[in-house]
Amino acid sequence: MSPGGAGCCAGLLLTLGGLLLAGPPSAWGTNVTAIQDPGLGGADGEAEGEAEGENESENEGEEEPENYTGEAETETETETAPRAEAQQDAEVSNSTAVKEVEFGMCTVTCGVGIREVILTNGCPGGESKCIVRVEECHGPVDCGWGKPVSESLESAKLACVHTSPVNRFKYVWKLLRPNQQPIILANDSAILDVHREIQPLAFECDTFDNNDIVASIKFTIYTTNELQMKRSRQPDTDAVLIFVLTIGVVLCIFVIFVLIFIIINWAVVKAIWGQKVAAAEIHSELSSMRYKDSTSFDQSPTEIPGREDDALSEWNE
């Protein structure tokens, strides 16, 4: 028997012994697959190696696009980073820009009113000025004597100094009496309706904000007869005012027409003016000559006695 045959017989015996020791046939497949011919194992190993190589090549192919996308992301990040920094710098510069503020004129000269807050730097849209808000402003407390909001021959309506909202302030009405303490009225609203009486009345309204007085105004309510007299006097004053204004307008129009005439006929006006100037010069020359002649006549009698005296002195000699 050849050595190859002996090797095969030994292999078969070992296989059979293993099967007997393994027990039930269900486990035979596993043991048979575990104990395989070396040639078959080498083939399987080569196949597995090829499969693994293909899988690795596929994995490498998949990893390359991932690496490419990663590089693209880094490029975009590097591009957007300066832009984000620039935007942040612009926001910081805008927030730190100096905003100049101006205040408009107060709507009142006394008491409480409102005014505009104007921004002169940092306005949206590149505008030079823009109104930011409207705020409250205060003037002197004493507003002096005011006029009724409305009045008739029987009554008058008075109003305190206030701004919106009206309910924000507290109002105290007083009836003023000469040489006596004022009487505080029960009305606490901003409007007071007063009926006219036989004698004129004086009222005062104080406006309070958080228990601090911010405005005070007084009113005089005349009697019906006094009001009628005042109304009867007003037309006379109005007529005089209208007459004066009419005369002034007529004079202004006349002066304007004269100036227009002089400008249009400047040559004629210049010639007439020149003749008048020449005549005035001639008249002045004639008057000067007459004055010289009169002075010469006045001096001649004084000279004559002097000559007679000389003649008499010569005859005496």
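At 16% relative accessibility, Cys143 counts as buried, a term used here for residues under 20% relative accessible area, with exposed meaning over 50% and partly exposed in between (1.4 Å probe, protein chains only). The model is a predicted one, in which local features need pLDDT of at least 70 and side-chain atom pairs count only at pLDDT 80 or more, while totals for chains, interfaces and linings use all residues. Residues are numbered from 1 along each chain as its sequence is written, and side-chain values use heavy atoms, with hydrogens and water left out.

Cys143 is joined by a disulfide to Cys110, with an S to S distance of 2.2 Å; a disulfide is taken to be a pair of cysteine sulfur atoms within 2.5 Å. The link of Cys110 and Cys143 is right-handed, with 120° about the S-S bond. Distant parts of the chain are connected by this pair, since Cys110 lies in the loop between S1 and S2 and Cys143 in strand S4 (residues 142-145), 33 residues apart. Strands and helices are DSSP runs numbered from the N terminus, a strand (E) having at least two residues and a helix (H or I) at least four. Cys110 is buried as well, with a relative accessible area of 16%.

The loop between S1 and S2 also holds Cys106, whose partner Cys137 lies in strand S3, so this pair ties together parts that are 31 residues apart in sequence. The sulfur atoms of Cys106 and Cys137 are 1.9 Å apart, S to S, and their link is right-handed, with 75° about the S-S bond.

Another disulfide is formed by Cys160 and Cys205, with their sulfur atoms 1.6 Å apart. The link of Cys160 and Cys205 is right-handed too, with 100° about the S-S bond, and it spans 45 residues, from Cys160 in the loop between strand S6 (155-159) and S7 to Cys205 in strand S10. Cys160 and Cys205 are both buried. By the distance rule, the count comes to four disulfides, and when the bonded cysteines of the protein are numbered in sequence order, the pairing is 1-5, 2-6, 3-4, 7-8.

Strands of a sheet pair through backbone hydrogen bonds, either parallel or antiparallel; two strands are said to pair here if DSSP finds at least two bridges between them. S1, S2 and S3 make up an open sheet of three strands in the order S1-S2-S3, with antiparallel pairing. Its edge strands, each of which pairs on one side only, are S1 (101-103) and S3 (130-138). Direction ignored, neighbouring strands of this sheet are turned by 30° against each other on average, where the axes are lines fitted to C-alpha atoms (for helices over the stretch in contact) and angles run from 0 to 180 degrees between N-to-C directions. Eight bridges join S2 (residues 112-119) to S3 in the antiparallel sense, and Arg115 stands opposite Glu135 in S3.

Strand S7 (residues 170-176) pairs with strand S10 (residues 201-209) in the antiparallel sense over seven bridges, and with strand S8 (residues 183-184), also in the antiparallel sense, over two bridges. Lys174 has a bridge partner in each of these neighbours, namely Glu204 in S10 and Ile184 in S8. S7 and S8 form a hairpin with six residues between them, and Asn179 in its turn has a positive phi of about 60°.

On a 1 Å grid over the protein atoms alone, a pocket is an open set of points where a 1.4 Å probe fits, with protein on both sides within 12 Å along at least five of seven lines, and lining residues have an atom within 4 Å of a point. Of the 14 residues that line this pocket, the closest to its centre are Lys147, Pro148, Glu151, Tyr222 and Lys230. Strand S11 (212-221) and helix H4 (224-264) are the elements that give two or more residues to the lining, and H4 gives the most, with four residues. By class, the lining has six nonpolar, three polar and five charged residues, where Ala, Val, Leu, Ile, Met, Phe, Trp, Tyr, Cys and Pro count as nonpolar, Asp, Glu, Lys and Arg as charged, and the others, Gly among them, as polar.
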